[in-house]
Amino acid sequence: MEGGVVSFFFATGKSDVAADADKALAEVVAGVKAGKKVQVSGFVDSTGDAAQNAELAKQRAFAVRDQLKALGIAEDKIDLKEPKNIDAGAGAQARRVEVSLV
């Protein structure tokens, strides 16, 4: 967790969460146990088909949400939110999902 945010980066065209996601989310899980909520935001790669990229960003956010649920976080503690600047350009930064405690 850096600056209060855990960032997950995805391969082009993929929505699979990394195998070590549980380790990255340990602080988030602890924060929820302490009474906080989780905010999940997915960004969109601007290269390629816009509608397809938007759907893929949503699927990536859902994959991270599902990982949080698998770690025992109740769905009502998870807020899926569209970031203010959903189009993050191109490259790895654009193919990310951010998780933060609120």
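Both faces of strand E2 are covered, with Val38, Val40 and Gly42 buried on one side and Gln39 and Ser41 buried on the other; buried here means under 20% relative accessible area, exposed means over 50%, and partly exposed lies in between (1.4 Å probe, protein chains only). Since 5 of the 5 residues of E2 are buried, the strand is largely enclosed by the rest of the structure. The model is a predicted one, in which local features need pLDDT of at least 70 and side-chain atom pairs count only at pLDDT 80 or more, while totals for chains, interfaces and linings use all residues. Residues are numbered from 1 along each chain as its sequence is written, and side-chain values use heavy atoms, with hydrogens and water left out.

The neighbours of E2 come next. Helices (H or I, at least four residues) and strands (E, at least two) are DSSP runs numbered from the N terminus, and two strands pair if DSSP finds at least two bridges between them. E2, residues 38-42, pairs with E4 in the antiparallel sense over 5 bridges, and Val40 has Val99 as its bridge partner in E4. Strand E1 (residues 5-9) also pairs with E4 (residues 96-101), again antiparallel and over 5 bridges; there, Val6 stands opposite Val99. E2 and E3, in turn, run parallel and are joined by 3 bridges, with Ile78 of E3 as the bridge partner of Val38.

Taking contact to mean heavy atoms within 4.5 Å, and not counting residues up to four places away in sequence, Val40 touches residues including Ala61, Val64, Leu68, Ile78 and Val99.

Helix H2 (residues 26-33) has Val28, Val29, Gly31 and Val32 buried. Seen down the axis of H2, the buried residues fall within an arc of 160 degrees, so they line one face of the helix; the arc is that of the directions from the helix axis to the C-beta atoms. Their cover includes E1, E2, helix H3 (50-70) and E4. After H2 comes Gly35, whose phi is positive, near 110 degrees.

Around E3, Leu80 belongs to the strand itself and is partly exposed, with a relative accessible area of 34%. Leu80 touches Val40, Ala61, Phe62 and Arg65, not counting residues up to four places away in sequence. Arg65, a residue of helix H3, counts as buried at 15% relative accessibility.

Ala94 sits in the loop between E3 (78-80) and E4 and counts as buried, at 0% relative accessibility. The C-alpha atoms of Ala94 and Phe9 are separated by 8.4 Å, although the two residues are 85 apart along the chain. Finally, the charged end of Arg96 sits over the ring of Phe43, 3.7 Å from its centre; this calls for CZ of Arg or NZ of Lys within 6 Å of the ring centre and within 35 degrees of the ring normal.
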